[in-house]
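Here are some exercises to work through with the model open in your viewer. Try each task yourself before reading its solution.

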Amino acid sequence: MSQCTSNFDFHKIQIKNVTEVTMFILMGFTGGAEVQVFLFLLFLAIYLFTLIGNLGMALLITMDSRLHNPMYYFLIVLSILDACYSSAVTPKMLVNFLSENKAISYLGCVAQMFLFVTFGTTECFLLAAMAYDRYVAIYNPLLYAVSMSPRVYVPLIIASCIGGISNASIQTVATFSLSFCASNEIRHVFCDVPPLLTISCSDTHTNQLLLLYLVGSIEIVTILIVLISYGLILLAILRMRSAEGRSKAFSTCGSHLTGVSVYHGTILFMYVRPSSSYALDHDMIVSTFYTIVIPMLNPIIYSLRNKDVKEAMRRVFGKIGIFNKVSFHS
């Protein structure tokens, strides 16, 4: 009888622990006060640069009528996505660097994961759509305006968003359907799927397979679209007789291909691998790179390697009387 009572009490404690998990602790980067202040200043600078760069890019394209074509409409969406992507993670991380209380509420963790996965997955699909857009523009430039009309590019953008929301909904519901009774300390700077799976006291085998297969499928589909598009682009470029045309095509596509390679490379490393190979401290650095550093790099990649954007910057800055003595070299 006493054994039954003991088992019942233990079960009650387990249920109590499960139901009373109302917050998580984001352990983040460890170190003394000086290290935390340094990291705060570093990531604050990166975050401000990310916001200024991406929102500035979106504003520049909006202000310059010569950039009003589907390629740059996609770039506006990408810039807004990157600003939102970073904003889903960085502000809370900055607060934690200067605060002893590194807690995030249960619902706050749910919201952060949902937004983070939504923006990240949407960007995957959008980069694939941008690759298709470049193929259409280079393969038959005379029919580009017809082939990539609003009837085409608007549904592509909407479909990218739907894909992002769908994946985020599945991953978030699946993750937070688990029980968290062993610990509420997340060895990460934000609420991501792998570190949450490691602290769950439920069987996470199904969740790990879901993460592997779903993210793997998204990566395979989007990377195949990019590879096929750029394979056809390469054939079209090789057929061009004009050296200037080939140079412009390589310049335009080079920036996009650089952004795609860096982004997909880190995603594949993080999620498309067995759970036994997770090393949380190392993974935390990699995930910080693609959620915070890559959104900062995209405005640089898409502006410094793009002649049209540099000319638009010269025109816009010239109109408002700023940097009129600065020359942008091609």
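How many salt bridges does the count come to by the rule of a side-chain nitrogen of Lys or Arg within 4 Å of a carboxyl oxygen of Asp or Glu? Before you start: this is a predicted model, where local features need pLDDT of at least 70, side-chain atom pairs count only at pLDDT 80 or more, and totals for chains, interfaces and linings use all residues. Residues are numbered from 1 along each chain as its sequence is written, and side-chain values use heavy atoms, with hydrogens and water left out.

**Exercise 1: the salt bridge**

Find the partners and check their burial.

Step 1. The count comes to 1 salt bridge. Step 2. Arginine 134 and aspartate 133 make it with their side chains, at 3.0 Å from N to O. Step 3. Look at burial, where buried means under 20% relative accessible area, exposed over 50%, and partly exposed in between (1.4 Å probe, protein chains only). Both arginine 134 and aspartate 133 are buried.

**Exercise 2: the sheet**

Work out the strand order and find the edges.

Step 1. Count the elements: the chain has 12 helices and 3 strands. These are DSSP runs numbered from the N terminus, with helices being H or I of at least four residues and strands E of at least two. Step 2. The open sheet has 3 strands in the order β2-β1-β3, with mixed pairing; two strands pair if DSSP finds at least two bridges between them. Step 3. β2 (103–105) and β3 (185–186) are the edge strands, each pairing on one side only. Step 4. Strand β1 (residues 23–26) runs antiparallel to β2, and 3 bridges join them. Isoleucine 25, for instance, has alanine 103 in β2 as its bridge partner.

**Exercise 3: the core**

Pick out the residues that touch the most other members of the largest nonpolar core.

Step 1. Such a core is a set of buried Ala, Val, Leu, Ile, Met, Phe, Trp, Tyr and Cys residues joined through side-chain atoms within 4.5 Å. Step 2. The largest one holds 84 residues, and Phe24, Phe43 and Leu196 touch the most other members. Helix α5 (residues 106–139) gives this core its largest share, 16 residues. Step 3. Zoom in on leucine 196 and skip its neighbours within four places in sequence: its contacts (heavy atoms within 4.5 Å) include Phe24, Cys109, Met113 and Phe180.

**Exercise 4: the outside**

Why does isoleucine 228 count as exposed?

Step 1. Find isoleucine 228 in helix α9 (residues 205–239). Step 2. Isoleucine 228 counts as exposed because its relative accessibility is 52%. Step 3.
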